[in-house]
Structures are given as structure tokens and as C-alpha cells.
Amino acid sequence: MLNRFLCLILLLYCSCKSANKIKAGGVVPVIVQVTTTSSYCGGARPPEELETELATPKPYPAIEIFVRQGETNDLNNPILLSGVSDEFGKIRFDLPPGKYSLVTRDKSDKSKFEELLKTYSLESEQWSSIDRTCLTEWLNTPDLVMNVEPGGIQESSINIHIPCFWGAVPCANYKGPFPP
């Protein structure tokens, strides 16, 4: 009986100590709900039900999200954590209080930026040349800025919109033919 009592006291002590650590600047569990929406990319105007369905956020499983400290996606700041969303589109991060930028793989490093610059640097029949200033701003803008505060579990959400091919290149304008 004494052993059970001592175990209970020890358990309560550890729980309180853990709660105080979070309040005093320890880590905070953060659940990020990742969803996706998409554009209608066909020709004739779709039924309203289809437009509504495409615009309704749905869980986005198996997408990797990267976390940096700060309110901008500063590539000089290292990636602190990354996670892949589960089948329900959820990712858990344990973060100390502070401001964080969350980005997808395209903005996690400069590789997508360099690829876009190389591919769209010159105007073509189908695309305008890419605007480098705009592309730099695109890269530096997080997909989500999160302010983690001490306390219990914190929840945030991020929606990844999937555009039609003519809107898929940031900072360049499509000039080619559209679907009939």
C-alpha cells in the first residue's frame, strides 16, 4: 500500500514538474492540420456543387512541412523540425514558445527557386518571364506563421491550394491556350 502511495506522489510530482516546465518556457505540443483545396481546371463553367467541393478543405496526408524560427522564411535560419502529415492531415511538433514559419518543400531551400528562375527566366510563347523580385518575396513568405505560446496543446491549420497548370508558376503569367 505504501508503494502505491509513493508511486502516486511521484507521478503527481512529475506531472506538475512537466506542466511547470511548459509554462516556464519548455516545449508546447503543436498540432498542425494540413488541408488542401483545388481549382477547377476544365473548360465550361462547372456545376456549383463541384466548385463548392473543390473549395472545401480536405485533409492532406503525406505532405512534408518544415519549421523555421521567425516570422519570415529566412533561409539563413536552419530548419528546426520537419514532419509528414498523417492520414488525417495532422502533424505534431513540440516547440518552445516563439514565432515560427512553416513551409512546404518548395520553400525549404533554394532549389525550387533556382529551378523556376532557370526554367522561366526568358519569355516564351506560353509564359512571361519570371519576376525575380516577386519570386524572392514568394520564397521569403511562409505558408504559415505560428505564434507558439506557453500552455496546453496549441492547434493551427495550413491549407495548400492546388492551382491549375496556368497558375502553378509563381511570379510568371501564362499566355498559352486554355482548355476548351
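K107 sits in the loop that joins β6 to α3. In this predicted model, local features need pLDDT of at least 70, side-chain atom pairs count only at pLDDT 80 or more, and totals for chains, interfaces and linings use all residues. Residues are numbered from 1 along each chain as its sequence is written, and side-chain values use heavy atoms, with hydrogens and water left out. Helices (H or I, at least four residues) and strands (E, at least two) are DSSP runs, numbered from the N terminus.

K107 is buried, and its relative accessible area is 6%. Buried means under 20% relative accessible area, exposed means over 50%, and partly exposed lies in between (1.4 Å probe, protein chains only). The side chain of K107 makes polar contacts. A polar contact is a pair of N or O atoms within 3.5 Å; within protein, one must be able to donate a hydrogen and the other to accept it, and residues adjacent in sequence count only if both atoms are side-chain atoms. Another is the backbone oxygen of T141, which lies 2.7 Å from a polar atom of the K107 side chain. With residues up to four places away in sequence left out, K107 touches R68, N73, L75, W138, L139, T141, P142 and D143. Contact here means heavy atoms within 4.5 Å.

W138 and L139 belong to helix α4 (residues 132-140), where they are buried together with L135. Seen down the axis of α4, the buried residues fall within an arc of 95°, so they line one face of the helix. The arc is that of the directions from the helix axis to the C-beta atoms. T133 and E137 are exposed on the other side of α4. An α-helix has 3.6 residues a turn, so residues three or four places apart point the same way.

The N-terminal end of α4 is capped by D131, with a side-chain oxygen 3.0 Å from the backbone nitrogen of T133. A polar atom of the D131 side chain also lies 3.1 Å from the backbone nitrogen of C134. D131 itself is in the loop between α3 and α4. D131 is partly exposed, at a relative accessible area of 39%. Along the chain, D131 and P170 are 39 residues apart, yet their C-alpha atoms are separated by 8.8 Å.

Helix α3 is the next element. Its buried residues are F113, L116, L117 and Y120. Down the axis of α3, these residues fall within an arc of 100°, so they too line one face of the helix. K118 and T119 are exposed on the face turned away from the buried side of α3. The cover over the buried residues of α3 includes α4. In turn, the cover over the buried residues of α4 includes α3.

On a 1 Å grid over the protein atoms alone, a pocket is an open set of points with protein on both sides within 12 Å along at least five of seven lines, and lining residues have an atom within 4 Å of a point. The volume of the largest pocket is about 490 Å³. Grid points are joined across faces, edges and corners, and a volume is the space filled by probe spheres set on the points. The lining of the largest pocket holds 21 residues, and D106, W138, H161, P163 and A168 lie nearest the centre. The elements that give two or more residues to this lining are α3 (111-120) and β8 (154-162). The largest share, five residues, comes from α3. By type, the lining divides into eleven nonpolar, five polar and five charged residues. Ala, Val, Leu, Ile, Met, Phe, Trp, Tyr, Cys and Pro count as nonpolar, Asp, Glu, Lys and Arg as charged, and the others, Gly among them, as polar.

T104 lies in strand β6 (residues 98-104) and is buried, with a relative accessible area of 12%. Beyond its neighbours within four places in sequence, T104 is in contact with I63, E64, I65, F66, D143 and I160. M146 is found in strand β7 (residues 144-148) and is buried, at 2% relative accessible area. M146 and S156 are ten residues apart in sequence and 7.5 Å apart in space, C-alpha to C-alpha.

Overall, the protein has four helices and eight strands. Buried residues make up 32% of its 180 residues.

Terms used
1 Å grid on protein atoms, 1.4 Å probe; cavity = no way out; pocket = protein on both sides within 12 Å on 5 of 7 lines; lining within 4 Å.
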